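Please look through the structure below before reading on. The text after it walks through a few of its places one by one.

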Amino acid sequence: MNLYFNSKKFQLITALSFILALTSCKQTKENEQPMEANNILLSEWTGDYGGTPAFDKMNIKDIKPAIEKGMAEKLSEIDAITSNTEPPTFENTIVPLEKSGKTLDRVFTYYGIWSSNMSSPEFREIESEMAPILSDFNSKISQNLELFKRIKTVYDNSLETPLEEDQQRVVNLIYEGFAMNGAELDDAKKERYAAINKELSTLYTNFSNNVLADEENYVEYLTKEQLGGLPESLVKAAANAAKEKGKEGMYAITNTRSSMDPFLTYSTERALREKVWKNYYSRGDNGDQYDNNANIAKILQLRKERVGLLGFDNYANWRLQNRMAKTPENAMALMNAVWPAAIARVKEEVADMQAVADKNGDKITIEPWDYRYYAEKVRKLKYDLDSDEVKQYLQLDKLTQALFFVADELFNYKFTPVPEGSVSVFQEDVKVWEVTNKTTGEHIGLWYLDPFARQGKRSGAWANTYRSHTTFDGNKTVLGSNNSNFVKPAPGEPVLVSWDDATTFLHEFGHALHFFSSNVKYPTLNGGVRDYTEFQSQVLERWLSTDKVINQFLVHYKTGKPMPAELIAKIKKSATFNQGFSTTEYLASAIMDMKFHMADPTNIDVDAFERETLAALNMPKELVMRHRTPHFGHVFSGEGYATAYYGYMWADVLTADAAEAFAEAPGGFYDKELAAKMVKYLFAPRNSVDPAEAYRNFRGRDAKIEALMRDRGFPIPKK
Ligand SMILES: [Zn+2]
């Protein structure tokens, strides 16, 4: 399972999607004109493929004036809607609202690149400065009473005389978005609501910057004598990383997951494992200027106060009302059903690992920094599976070809590299492909891939769009991107990745296919439902272990021979291996997220709350939450994933259930009929159809939890 979140830009756009405001912008400067003329961030996108961002001309000095101009433009567009004297209709209110903010959307595309792919201290300063200004701007729109009245009139009228199906859904979603975000509050409450959001925006930025600072400030530099157990690829990457940081001849283990995880898996230096583990799991929790505990308490208090203004008991109740799960209780019921099986499995895993340690004469008791190391030994022993051997068959280039193959088989897409220099990129390693319909040749969009880790790039992997598909205002084609943090190899060396990382690579591509396949007319219908949007990505992971992919693309980097059947059998046999660890570390985070937002946060001691909640859950002491609270960016660096981390498992119930449908189909995972149904019902409609209904259209019934339990090798809970 892979738990990576979409980019900040995606979150921002989600936050902005219902935003529509009124007053004129006071920031406009009189001498703005010459500045604007040269400001590339404001310019229309030009060139082939419906125009593309001028990433090669980005200048950080343009950000502030561009955002100011973009906000002013959007506010005046909203003004034009509210000053219309005609009675409100879909055409004169909703359509212009959907059209508004184009310039700002373009600016945010660049902003997202700086924020996630190319960050710097200079940018972070601008980000901190802009966060409260953007929050004010958002409030101006979401609290615009005149605008809301018009939307409400369109909505009320549609209850009498229904609109066309997709228009009706647009109106429903926009109306709910406004109502959920305080449009109906009285003036005093609105003022407080906006002030809270403004304060939160600054706290979110501080939260992320603190985590990033701790990632950059804690790097372990090793000498040649301290490399015991590490595979050659990791040693090379660590040498490269040290060189980049001006310590040539040393080996750098950086404080990111992609560095920490393999180090803990392979290093024979137990004391160093402990150090690297502590660095990683203490991010944001070091009691210094970058400590996040006080930030978190404040965030929880403000969230609770804000939803209180809307009459909600707690943040979780408010947040889940338009999710697939509907209530925190439904989400908790799923997690509680799986938890006992997960921690019971941890017990078995620890016993297996302790036995290995004892047999080796290691004289240790399994600690959290030992889990990955001994799990790898058990894996070899039980399944005779060597992760490093598997890696030799997982080359990034071949995996990329595998993605294209799957997209061809399921979606009838063709990927072609764009001619050199025809599309600008923000960094030389970024590559771009054109996506077309294989049969008709119709242009669908461009796929940007930014594969490698570097200073200033967020850790993890994510997918986002620079432009989404819509047709209501002319046909707009998709600009989608995937972003990873593979360690860049020495020149001439292939990029070999782990099975998990290969799975994640497919996962993010599933998000991209979800973008490309959109058939919606209006922008609002491209929006995601948080506990559903991980389904499309998770389901695509399943194609990695299909025979067609294995035989064609999982080939040895030296011999070119496909992965031997014996090794494949071992991988499949070990599919449920370490599920205790991965399910428990995930669920602990997901349950924590929900409990924090169901609790009373007045005077909350974040550190104690985390400890006590874990104790009450009987959290095994041999592992920690996948994301400890002080660096749980999904939940505290914005609101995109707050009380939403459970969504990965919620979506995984659908995933496991859908995968069983493929396994049972006559053509298996390449069954044309079932694939067409999946694209038609579960990908293309985006949010134009209620997700529960969409799933029933695909499967003929609701998804069942049993498939998920089988998938993870857990016993089926008794009813
Ligand atoms: Zn995802």
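The model is a predicted one.

Two packed helices are described by the angle between their axes and the distance between the axes. Take helix 3, residues 63-82, and helix 5, residues 102-117: their axes come within 8 Å and cross at roughly 150°. Because angles over 145 degrees count as roughly antiparallel, helix 3 is roughly antiparallel to helix 5. Their crossing is left-handed. On the side of helix 3, the contact is made by Ile63, Ala66, Ile67, Gly70, Met71 and Glu73. Helix 5 contributes Thr103, Leu104, Val107, Tyr111 and Trp114 to this contact.

The second pair is helix 19, residues 499-516, and helix 20, residues 533-541. Here the axes are 7 Å apart, and the packing angle is about 130°. Helix 19 and helix 20 are therefore oblique to each other. The crossing of these two helices is right-handed. From helix 19, the residues in contact are Thr503, Leu506, His507, Phe509, Gly510, His511, Leu513 and His514. From helix 20, they are Thr533, Glu534, Gln536, Ser537, Gln538, Leu540 and Glu541.

Next comes a single side chain. Arg319 sits in helix 14, which spans residues 315-320. Arg319 is buried, yet it has no salt bridge. Which side chain of opposite charge is nearest to Arg319? That side chain is Glu639, at 4.6 Å. A salt bridge needs a side-chain nitrogen of Lys or Arg within 4 Å of a carboxyl oxygen of Asp or Glu. Leaving aside residues up to four places away in sequence, Arg319 touches Met180, Glu639, Ala642 and Thr643.

Thr643 is not a glycine, but its phi is positive, at about 45°. Thr643 is found in the loop between helix 25 (633-636) and helix 26 (647-664).

Asn603 lies in the loop between helix 23 (579-598) and helix 24 (606-616). The relative accessible area of Asn603 is 72%, so this residue is exposed.

Definitions and conventions: Residues numbered from 1 in each chain as written. Predicted model: local features only at pLDDT ≥ 70, side-chain atom pairs only at ≥ 80, totals over all residues. Heavy atoms only, no water. Helix = DSSP H or I, 4+ residues; strand = E, 2+ residues; numbered from the N terminus. Buried < 20%, exposed > 50% of the residue type's maximum accessible area, 1.4 Å probe, protein only. Lys, Arg positive; Asp, Glu negative; His and termini not counted. Contact = heavy atoms within 4.5 Å. Axes fitted to C-alpha atoms, helices over the stretch in contact; angles between N-to-C directions. Parallel < 35°, antiparallel > 145°, perpendicular 65-115°, else oblique. Left-handed = near helix turned anticlockwise from the far one by under 90°.
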